[in-house]
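Dear colleague,

I am passing on the structure that we talked about, and below it you will find notes on what was found. Please read them with the structure open beside you.

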Amino acid sequence: MNILLITEQREGKWNKTSFETLAAAQQIANETKSRLAAAVIGKGVADLAGELAASKLDEVLLIEHDLLAAYTPDGFTIALTQAIAQAKPDLILLPHTYQVRDFAPKLAASLGKGMIGDCIGYRHENGKLIFVRQMFQGKTVADVVFEGAPPWFATFQAGAFRADLVAQGESKAPVTPIPVELSAAQIRTKPLEIFREAKQAVDLTQAPILVSVGRGIKAPENIPMAEKLAHLLGGELSASRPICDEGWLPMDRQIGSSGQTVAPKLYLALGISGAIQHVVGMKGSRTIAAINKDQNAPIFEVADYGIVGDLFEIVPALIEELEKTKSS
Amino acid sequence: MKIVVCIKQVPAKDAPLVIADGTWIRETDIGFEMNEPDSFALEEALRLKEKHTGEVIAVSMGPERVKQTIKEALAKGADRGVHIADDKAHTLDPLGAAKSLAAAIERETPDLVLTGLQSDDHGFGQTGVLLADRLGLPHATLIMQIGGVESDHLRVKRELEAGWFQWVELPLPAVLTIQSGINKVRYATLKGIMAAKKKEIVTIARESLGVTHEPTQRIERIYVPTKTKKTEFLNGTPKEAAAKLLEKLKHEARVL
């Protein structure tokens, strides 16, 4: 089998999920005895291709064009369709990023093919690849297989594989430029500037401890209590999406698929139910503790320690205990 | 402005799910509701209509029960409904579902097609993008704001990852997938519910749409996930539980 990984970069910076999917791709290539190539797409990304070539790969494809400088679904679909026609992969793997969600289904459909999206794993059984993905908001998992002739497309969820398991090659993989033809008239959408809404005041990825609040915090006036706990623990305050949507905390405090992905040594979840969109952003944490009223809340699926109860009773008790040890 | 909004009916959030036939859930004895991400798309469609005038058409695919969700959309202010009837719609793969929706939507020649981000049942998250491809229209996904609506184009604010956003201009007609949380969804009023009774829902049998499709993927089985971690629950009064937690974090997990 020929496997092609399509990596993601923006303005010369990697989307780190690319390397998680690279780890997955290497593992699949190893198990299925396949050839593995990885593509870099954009403009002026030869350096990134060179960097990628240090990984254990059979080939790096460099897809460059002036019209690929800014991402557009039309530009990327047209260029990648041509690259796929040249490289002839059987299986195309991509990280399940927001950008991939925007073009990969279209890329697959333009070839009359399907995509199994947002996979959390795979199994190789009796010569067949089975992709595992969540359904019903994580309440069930599904084994999904491809039907029909290749190429097949699959995407892996952030956090499904570990980027630090990427194998380095004994020698550099060859970098092959793939020429693509693209004209401005083919690109229907016009991307304008990329901007940040809130000034990034805090880099939550660097915090060793995070105290995170969800819907269970009920009202903005209860936030200072959680903040106090965070400070006593020597950590930062973060939140799930609904809290930031309500404006109770700025967007830069948001953890999850639309916010930051973190892996602190301690993640303390207060009143967070644990929807997948949140869990993907924190499940890599070393230790997870959760306080929630509902003992069936999915957050307990990933928690090491759990307290089922009223956070408005437990958090003050934690604060009291911590203040006691501090003063003694 | 003629706006088609795709809404899916999914099991209610608190519905107890029982796996049946290995690949789907038992549909008897559970409630169904409008897919929450689609409710944001509907709300956005209604706001666009109120601002720019026009018509909102709610399209849903599935068995007879999905008419209830179409009625809810009509009660909130959609003008008419299209029901693509298929008792086995849940067995379609993303491309098969999109082809069917596209075949029905094409007849409406809309200026704008809106969908939610993804469904709370399958969660494929592909329908909007695939619809655009099948309809031959440009698209943009994860929309947090729609602005600058002109007769032949509009501007949308896309959400990128890690707090980044981007404005994108695209010609009409177009397909947009709406990010959840873009707006505050309205409730149906009594007046709206009464008015909905007079609104039209056209039912089209899916097989009559003339869609040919070979499935690209197949769900072999669904199952309840095995826990990756074993949670240690700490009991007692709030004070006791809090003390136990700090003790565990300090001496067992050694993270404090």
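In chain B, 48% of the 256 residues are buried, where buried stands for 20 or more other C-beta atoms within 10 Å of a residue's own, with C-beta atoms placed from the backbone. The model is a predicted one, in which local features need pLDDT of at least 70 and side-chain atom pairs count only at pLDDT 80 or more, while totals for chains, interfaces and linings use all residues. Residues are numbered from 1 along each chain as its sequence is written, and chains are lettered from A and ligands numbered from 1 in the order in which they are written.

The secondary structure of chain B comes to six helices and 15 strands, these being DSSP runs numbered from the N terminus (helices: H or I, at least four residues; strands: E, at least two). The C-alpha trace of chain B spans about 65 × 45 × 40 Å along its principal axes.

Turning to how the chains meet, 71 residues of chain A and 65 residues of chain B take part in the contact, which is counted when two C-beta atoms, placed from the backbone, lie within 7 Å. Strand 12 of chain A (residues 190-196) pairs with strand 11 of chain B (residues 164-171) in the antiparallel sense over five bridges, pairing being assigned when DSSP finds at least two bridges between two strands. Within this pairing, A:Pro191 has B:Val168 as its bridge partner.

Best wishes

Terms used: A residue is buried if 20 or more other C-beta atoms lie within 10 Å of its own, exposed if 12 or fewer, and partly exposed in between; C-beta atoms are placed from the backbone.
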